[in-house]
Amino acid sequence: MALLWGGAAVNWLAWQGFSVLGIVLAHHIPTEWGLGFAGTLALMGLTGTLLVDRATWVAGAVAACAALAAYALPLKLNILVAIAAAVAIGLVMDHLAPASRMLAQRKEL
């Protein structure tokens, strides 16, 4: 039961702390940035929690570089290019992972 209350207390304190921080900082954010800025911040927060290993970090970095490189494309197609590049590098790294594990096991022997 203590574990439940401990987790709930930490969650509640974090929620309240960041809510107050958002209220305080909202005064300093220009209104012309609009809700798009808030959406971007929310997605960045979600993305940060998904970066758990080297493959996801590399896929994220490749997606960021591809999005910046293709920024001049019309209709925001740079986002599509970034997704395709991230998926491609993720698949390549996933395909190469068993081979690297096998090499590591051979070195241990």
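A residue is called buried when its relative accessible area is under 20%, exposed when over 50%, and partly exposed in between (1.4 Å probe, protein chains only). The model is predicted, so local features need pLDDT of at least 70 and side-chain atom pairs count only at pLDDT 80 or more, whereas totals for chains, interfaces and linings use all residues. Residues are numbered from 1 along each chain as its sequence is written, and side-chain values use heavy atoms, with hydrogens and water left out.

The protein contains four helices and zero strands, where helices (H or I, at least four residues) and strands (E, at least two) are DSSP runs numbered from the N terminus. The order of the elements from the N terminus is α-α-α-α. The radius of gyration of the protein is 20 Å, well over the 13 Å that the globule rule gives for 109 residues, so the protein is more spread out than a compact globule. This radius is taken over C-alpha atoms, and the rule is 2.2 Å times the number of residues to the power 0.38. The C-alpha trace spans about 55 × 55 × 15 Å along its principal axes. Of the 109 residues, 8% count as buried.

In helix α3 (residues 54–69), the buried residues are A59, A63, A66 and A67. Viewed down the axis of α3, these buried residues fall within an arc of 100 degrees, so they line one face of the helix; the arc is that of the directions from the helix axis to the C-beta atoms. The face turned away from the buried side of α3 carries the exposed residues R54, W57, C65, L68 and A69.
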